Amino acid sequence: MEKEQYLVLRNEMMKTAEKLIAESNFEDSDTKMQEIKDLYAKWESTKLANANLKALKDNDEVNAKDGYVQDRLDYASEKSDYPINVKDYGAVGDGVTDDTEAIQSALDHIQSNSGGTLFFPDGVYKVHNTLEVFQGTKILLSHKAVIERGSAFSPMFLNGRRDDQYTLYNGQGNILIEGGTIDGGGNINSRASEIMFAHARNITIKEVNFINNYDSHSIEINSIYGAKIVNCTFSQYSGERLTEAIQIDLMISSDAFPHMGIYDNTPCQDVLVQGCSFLSTSRGVGTHSAVTGFPATNIRIIGNHFENLEAQAVRGFDWNDVVVSGNTMINCGEGVEIRSTQQDSCGWTVANNVINGSHRLGHAISVTEDNGYSAHNVTIVGNSCDGNNGNTFYFRNATRMNITGNTLSNGNASSMWFTGNINRITINGNTIDNTKSARGISFEGGAMSRVSIINNTVDTTASFGIALYKVNHGIIANNYVRNTGNFGIYLTDNTDYVNVTGNKVFGSSGIHIRLSAGANNNLVKGNHIHGDHNEAVGITSTCNNNAVIGNMARGRTISGGTNTYFAENVN
């Protein structure tokens, strides 16, 4: 192939790919992009052949001493970036032959040259032992190339030799695996992972189709600084335990990572998972390990699709500085779980996700804890959640949270439920519609303070619209609360110093604004109240020193309480 011919073909194929992308024909565009990669590999092989031919001609012209030609050929092969073909090392790719030794021979050759590229043409390459990958290796699979586990062993790929001993991020890194399919072999053995990399920097896995994992992780990145997993697909999982397709772990013990050490608790940092699809797996992205003082940090999970998962789409233990954005999570056990287990979690942003039909615990987003720890500095913004089976948003032990501009529809339990130690929470501009069996926004069951509930719409709930139990200092302002199955706004159980101002409360089945059970020192001011129930504001005698001022009640009564100050209300 001449250079001009290569460039003409490449330009024509690029134009075709661009047109397919513009037409949103992503399946065909992906195929075309793979053809472009294959063409590039062919062109690079042609350049290598030409270089070798030139070496022969140069040798004839200068009449060099014996061995010069072979030295020149070796130099051209070893020092260039041209891919080597795995079949040149004896791999067959017929789906029957054991290709492990041939593939490892090619990988060892790359290691001896301090890096290089290994290309797999179309075929099914059976492997029966772990493939050891080294610093600076690129593995490129054609669109129809498959590496398939042929017997019981784990993992299929390891970055280094078994029993190597590294610390921090000083192991075998700068590794790329791109394209093709990695087939875990199903239930050949139990808890068998496909890729397990540790103690390294700069790991990239892109455009790989992972299938047939059994009871384990397709990818485990452990103690990695700078991991990118992009445009991969995970499907056809089988097994009995809850486990992540992508596990982001730390070097905690030989039980967690038995293949190499040292176990120095090095966590992952700077991880990107983007553009991937998780179809009928157990969990999507996450972990189930944590150690005090060693949180994973700077984790970005962006633009992925999760569908029909048994459990969480995203599950982080003690992670800090996390972005979960622009994902779709359809019919998963849960959407996003932020869990603090050995230390506080900090700095999460969960934004612009679509989370529908969560069915196990049923939360679209949960912030929870073990051992009394807490999550703080969390932003939950712009998410759309529909038809989730549990409390749509669930929070236990959280502080400094901003929950803004979310839409929560058709939930089968409370739309937002807060419990435990809750402090400095802002709930602003959310829309809650058709909460089928419980409350719109509810704070109950812990020590809670400094709560702001502002500019929200709570429309059609089976029970209370907004309910505060044991909340000290708060604002409920400028909300639209409509068609509640019980009280519209409810302060109870020693809730005090809360301002309930400027709300529109229409169509409550119970008292529109209700204070009971020691709700003291609260202000109810400037609310517009309308509906069939004859009490606009009702306060029990157990409540003291509240003020009810300037409310419009439209013929409904405003009364009750002990030492209540009433002024300028319109009944």
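## Aromatic cluster, cores and pocket of a predicted model

Phe210, Phe234, Phe278 and Phe306 are linked into a cluster by ring pairs, a pair being two rings of Phe, Tyr or Trp (its six-membered ring) whose centres lie within 6.5 Å. The model is predicted: local features need pLDDT of at least 70, side-chain atom pairs count only at pLDDT 80 or more, and totals for chains, interfaces and linings use all residues. Residues are numbered from 1 along each chain as its sequence is written, and side-chain values use heavy atoms, with hydrogens and water left out.

By this ring rule the count comes to 14 aromatic pairs. One of them, Phe278 with Phe306, is stacked, at 4.6 Å centre to centre and 5° between the planes; planes under 30 degrees apart count as stacked, over 60 as edge-to-face and the rest as tilted. This pair links distant parts of the chain, since Phe278 belongs to strand β17 (residues 277-279) and Phe306 to strand β20 (residues 305-307), 28 residues apart. Phe278 is buried, with a relative accessible area of 0%, and Phe306 is buried with a relative accessible area of 0%. Here buried means under 20% relative accessible area, exposed over 50%, and partly exposed in between (1.4 Å probe, protein chains only).

The protein as a whole has four helices and 49 strands, where helices (H or I, at least four residues) and strands (E, at least two) are DSSP runs numbered from the N terminus. Its C-alpha atoms fill a box of roughly 110 × 50 × 40 Å along the principal axes. Of its 571 residues, 56% count as buried. Among contacts (heavy atoms within 4.5 Å) with a separation of 6 or more, 65% are between residues 24 or more positions apart.

The largest nonpolar core holds 111 residues, of which Phe157 and Phe443 touch the most other members. Such a core is a set of buried Ala, Val, Leu, Ile, Met, Phe, Trp, Tyr and Cys residues joined through side-chain atoms within 4.5 Å. A second, separate core of seven residues includes Met196, Ala198, Met251 and Met260. Not counting residues up to four places away in sequence, the residues that Phe443 touches include Phe418, Ile422, Met448, Val451 and Tyr469. Glu444 lies in the loop between β34 (441-443) and β35 (448-454) and is partly exposed, with a relative accessible area of 24%.

The largest pocket contains about 500 Å³ of space. On a 1 Å grid over the protein atoms alone, a pocket is an open set of points where a 1.4 Å probe fits, with protein on both sides within 12 Å along at least five of seven lines, and lining residues have an atom within 4 Å of a point. Grid points are joined across faces, edges and corners, and the volume is the space filled by probe spheres set on the points. Of the 16 lining residues, Asp30, His143, Glu207, Asn231 and Thr233 lie nearest the centre of the pocket. Helix α2 (residues 26-62) supplies the largest share of the lining, four residues. Glu207 is in the loop between β11 (195-206) and β12 (209-211), and its phi is near 55°, a positive value in a residue other than glycine.

Two peptide bonds are cis: Ser154 to Pro155, with omega about -5°, and Gly261 to Ile262, with omega near 0°.
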